[in-house]
Amino acid sequence: GCFGSDVPVEICRTGHPMGARIVPGVSPEPHTRGRAAGAGLELAALGVWEPWTAPRPPRCPAEGPGGREGRDGGRAALPSPESLPGVAGCSSELSFLVSSRQPWALVGILGGDPLSTSEDKREYHGNGTTGLAVAQREFLTYDGTRFTVTAFSGWIKGVPHNGFKVEVSKGIILHLVDDVRSWLPGDRIVIASTDYSMHQAEEFNLLPCPECKSNQVKIDGSPLYLHIGEVIDGIDMRAEVGLLTRNILIQGEMEDSCYGENQCQFFSFDTFGGHIKILANFSSVHMSGVELKNMGQQILGSYPVHFHMAADVDERGGYQRPTYLDNLAIHHCFSRCVAIHGTHGLLVKDTIGYDTLGHCFFLEDGTEQRNTFQHNLGLLTRSGTILPSDRNEAMCLAIRSHVYGNYIPVPSTDCMAVSTFWIANPNNNLIENAAAGAQDVGIWYIFHRVPTGQSEGQYPEGKAEHTPLGVFYNNRVHSNFKAGLFIGKGVKTTRASAEDPREYLTVDNARFRPHQDADPEKPRVPAVIDGLIAFKNNDHGAWARGGDIIFHNSGFSDNGIGLTLASDGTFPTDDGSSLEVSRSIFVGESSNLGSQGGQNSYWGKGANGEYRTLPRNKTFPIRGFQIYDGPVRMAKCTFKKFTPTADRYSSAIGFFMKNSWQISPQNNVSQILMEKSVGLKVFFGRAGQWFGNNDNDGDKMSVFHDLDGSVTGYSNIFVGRADNYLLRHPGCVTVPRWNGVMCTGRYAQLYIQARRPENLTLSIARAAYHSHPLQLQGVNRGAPYQQYQPVVMLEQAYIIQWDGRAPEDIILYPINFNRGDWLHIALCYPRNTIFHVVKDIYQRRTGMVHSIKHYLMAPSRDSVLNGTGELFYFDRALGYLFVHLQAHEARQGHSYCSQQGCERIKIMAQMYPGGSWSCVPNPFLQKPAAPQRPVSQHQAVPCRACGAPQVRAPLLQHLRSCSTYASVGNSCFPGVFFVVLDACSGAVVSRRLRSSNDVHAVLLISERIHPGGYTCCVCFTGSFAMLGYKGQAKPSWIKVLNHARYQKTASLQHYVPLKMKEYQCSDNAFSQNHSEAKYANRDKPMTHNLSTKVG
């Protein structure tokens, strides 16, 4: 087991012959020294087998060199105290006599009572085999955990066997956040995985524990895997612990194996359990303190607890006591946990769903609203067979009875979506839940374009997609394979047919566009994701598509990709929604190294050379924040520990790979803190594994705006890919490591629609860099046109050509243009082309067109480029059509177009066979690139307000030298530096520096604790670091660390949470950060978090 920060000796399973390694400070060598820092002890564990001859009593160091004789004259002396770890000073009580090759073992306390030392030896008879000399002693850490240190030594067939081991004795004590005195011996608990695999969740029985405190329990086994019990790098990764035992047990009667028509090709065990169904018009339903086991069936409608078409079950339905499920344990069940079907206003709280098949907490038809999930735990959510979204790959391919014809499902898009929380309507509340391991997704907001199943026709098409989000507060998602949180997509709401042969309710496309009253004509209502914690998810911590969606006060750590924000869709589908993340932390590779096994697939070296579990693949490019589409914004966020290795890229900011879609230049970042542990701030990808050729349209157009220079060091800078000459000018600065370029200037997008034909490659170049054109393939979404969306520098001239004869119909939209912004555009056509050019404003919501103006043929190119009037000019000698594209209407917010609609120029060309369609590279007069301010003139000032608003504990660090130092921030002080912070406000109460230049200084920390004047004293001569708390509470972040002089530096760096409930802050302070809403009795919560490591 691995104990947490406040248990000083940690034991982790390894392949060492001893079966354990001791971390930190105790190594598996025969002669070694460990420590129990919290107990103020140094342990000596020796197993000696040196071939000494007849011994004699040792001399004290004062006797001089003669007291350290070697093997002269067939005699040997006891090694000196300095050379024998675990033995300090010269003491007659520690003298011993051993004969040649005699096994000997000792366990004691350095500086402790010699009479309490455990010692053993065996005789050596010359036959090469002896019994083991075994010395053993039990110790108790300051927080009550008992462990045994055993040293052994002996010979087996002439081969020496010696060493030591440390074992937890009489069960392992877990330290929980909450009061768990109501948990009783014999009860069964589950500890959630804190690694990538949900299969590292483990079950244990509770043992009697009279020595346990109110927040402690003792378990009957040794965990196979590491379970984190602390806040690491600012992210709360404490494992959830759930009680599976309840006073009332309802369970199905099971057979020994699967039988009949119960999908036995997928399940070897019996899946035909019991079920509870609650129908409409009941008098009251209040379930509490119930354990449900072996419930549910792989049949539609048979679930452990199923509210079926019960309508309003709260005050709206006439229930003075609203309906609730409270304190249920639903485990080892065969179809979901709680199914809410056509039911509104239900409260589900303090409920565990563990080891179940199919979506666990499940909303069925898309009509279910106002339901609240509060403080529930779901983990080990496995695939089932009932719906396409429940199924894994094998089930998806095998179950084809409801597809049309010979259609073969595509598992990755049609199925493989099983989720712990399947939320089919956004108007529901999720508060303080934990999705701690699903085969696919932890929490999925899915959208039904129309109600499905028995709820068909209950609301108009598209209503769910426009419905505002309910409360989302302080939820945790980890150990999920696909994503922790997923917002986006829908289900197919039509039956299988020749037009669409996919099965009914297959996963489909949808967009989340929340508006007031679910009315797209009314203002947007941002969906707020507040306090999400996402860690150790294989693919994504969170993915959100739509808008407006705002993440804040969140943490993302050890995910393949921390967070991806993707807009509602490419123009013209999206009318300018936006997404934002603020006040959040992103960690690439934290100190949670994980452990092998439990279906963790990848184990390799981390950035610091340590071995750790890895997401997706050893070579997968890790990204903290991934930009896709846009516009997206990021503000006041902190990044740490993103460092590439020889195997993989790891960047704080990255982009969606193999991206064919648009990227908006309105994507922007500000007040970002990149800690020193970030080795790669930005990465645009390179051709190779994972990135392919890195030449899709979106790959080439990747861009974002650094508003204040907090990422690049230069304010008001656009960052694009290095080979994008649509952005470049002579003042730009290339950053080879990023494969990027930093440029000043003003940028927008040119949206081009092309018809007849729709399969051409577009070539676009800025006139100043006409020899560096960009080739764009376009994105054909099945619409009757092709579309291209290059990012362009405003007030510049651009040249457009094709890899064939130009399309007959072209529409040019200036998007993200402010009033007055313009471009000069030259388009290549055959010389005999006749044109009809029209300008209008297109209102996308209504499909109406207004302000139509017909262009006239201008007498010269200059008259067009001057921008006066609605004119075009066709140079028949060169084959170029010249137009002036300008925005005349005002644009607001993040909308692509003006409030009046989207301004555009429509070009209809009549071309005759035989005309040449090739053109010269540059029809504009040769001019140098337009002057722009160089990047060097925009250097940003240091940003003191950047990063997530966390209070950081002072870093107490003692440098590796004979003197003692303390380091706070970037300042070093000789001696020991004490900082006292107020735990409610974060204010610094006092600072004290106790200086010392004595190379042999002994630090004394004392506190008067008794009226009689007695003190508690901690004494040491090495390095020391501590995070403590003064008060009745015992927060989980308390840490004590001390190292001997010859060992590595003692160093602690930790984010300390403020205003926790246990601090008993004032109501005003507590209400600002209600982050620890826990309960304390058996009738309320049955899930708690570990406060130490258990491994």
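**View 1. A salt bridge between Glu870 and Lys839.** Glu870 is partly exposed in this predicted model, because its relative accessible area is 26%, and its side chain forms a salt bridge with Lys839, with the closest N and O atoms 3.8 Å apart. The pair links distant parts of the chain, since Glu870 sits in the loop between helix H5 (861-865) and strand E69 (871-875), while Lys839 belongs to strand E66 (residues 834-843), 31 residues apart. Lys839 counts as buried, because its relative accessibility is 13%, and the limit for calling a residue buried is under 20%.

**View 2. A salt bridge between Arg382 and Asp355.** The closest N and O atoms of Arg382 and Asp355 are 2.6 Å apart, and the two residues form a salt bridge. Here too, distant parts of the chain are linked, with Arg382 in strand E29 (residues 377-382) and Asp355 in strand E26 (residues 352-357), 27 residues apart. Are these two residues buried, partly exposed or exposed? Arg382 counts as partly exposed because its relative accessibility is 28%, whereas Asp355, with a relative accessible area of 15%, is buried.

View 3. The side chains of Asp120 and Arg122 meet in a salt bridge, at 3.0 Å from N to O. Asp120 counts as buried, because its relative accessibility is 17%, while Arg122 is partly exposed, with a relative accessible area of 33%. Elsewhere, Asp236, Arg238, Glu240 and Arg476 are linked in a network of salt bridges. The count of salt bridges comes to 33.

**View 4. Strand E5 and its antiparallel partner.** Five of the six residues of strand E5 (residues 104-109) are buried, so this strand is largely enclosed by the rest of the structure. Four bridges join strand E5 to strand E6 (residues 118-121), and the two strands run antiparallel. Within this pairing, Val107 stands opposite Ser118 in strand E6.

**View 5. An open sheet of twelve strands.** The strands of this open sheet follow the order E17-E20-E23-E26-E29-E32-E35-E39-E42-E45-E50-E53, and their pairing is parallel. Strand E17 (248-251) and strand E53 (673-674) stand at the edges, where each has a single partner strand, so one side of each is left without a neighbour in the sheet. Strands of a sheet pair through backbone hydrogen bonds, either parallel or antiparallel. Strand E20 and strand E23 (residues 329-331), for instance, pair in the parallel sense over three bridges, and the bridge partner of Glu291 is Ala329 in strand E23.

**View 6. The largest nonpolar core.** In soluble globular proteins, nonpolar side chains tend to be buried together. The largest nonpolar core of this model has 104 residues, and those with the most contacts inside it are Phe551 and Phe639. Strand E33 (residues 441-447) gives the most to this core, with six residues. Where does the core lie in relation to domain 3 (263-525) and domain 4 (536-745)? Both of these domains give residues to the core, so it lies between them.

View 7. Tyr259, Phe272 and Ile299 make a nonpolar surface patch of about 250 Å². Ile299 is placed in the loop between strand E20 (290-293) and strand E21 (305-312), and it counts as partly exposed because its relative accessibility is 37%.

**View 8. Two cis peptide bonds in loops.** The peptide bond from Gly547 to Asp548 is cis, with omega near 0 degrees, and Asp548 has its place in the loop between strand E40 (540-545) and strand E41 (549-552). The peptide bond from Arg756 to Pro757 is also cis, again with omega near 0 degrees, and Pro757 is in the loop between strand E58 (747-755) and strand E59 (762-766).

**View 9. Positive phi values at Lys641 and Trp690.** Lys641, a residue other than glycine, has a positive phi near 65 degrees, and it is found in the loop between strand E50 (638-640) and strand E51 (650-655). Phi of Trp690 is positive as well, near 75 degrees, and Trp690 lies in the loop between strand E53 and helix H4 (697-700). Lys641 counts as partly exposed because its relative accessibility is 24%, and Trp690 is partly exposed with a relative accessible area of 21%.

Conventions: Residues are numbered from 1 along each chain as its sequence is written. This is a predicted model: local features need pLDDT of at least 70, side-chain atom pairs count only at pLDDT 80 or more; totals for chains, interfaces and linings use all residues. Side-chain values use heavy atoms; hydrogens and water are left out. Patches are made of residues with over 30% relative accessible area and no salt bridge: like charges are joined within 9 Å, nonpolar side chains (Val, Leu, Ile, Met, Phe, Trp, Tyr) within 5 Å. Accessible areas come from the Shrake-Rupley method with a 1.4 Å probe; for residues, only the protein chains shown count as cover. A salt bridge is a side-chain nitrogen of Lys or Arg within 4 Å of a carboxyl oxygen of Asp or Glu. Buried means under 20% relative accessible area, exposed over 50%, partly exposed in between (1.4 Å probe, protein chains only). Two strands pair if DSSP finds at least two bridges between them. A nonpolar core is a set of buried Ala, Val, Leu, Ile, Met, Phe, Trp, Tyr and Cys residues joined through side-chain atoms within 4.5 Å. Domain bounds come from an automatic or database domain assignment.
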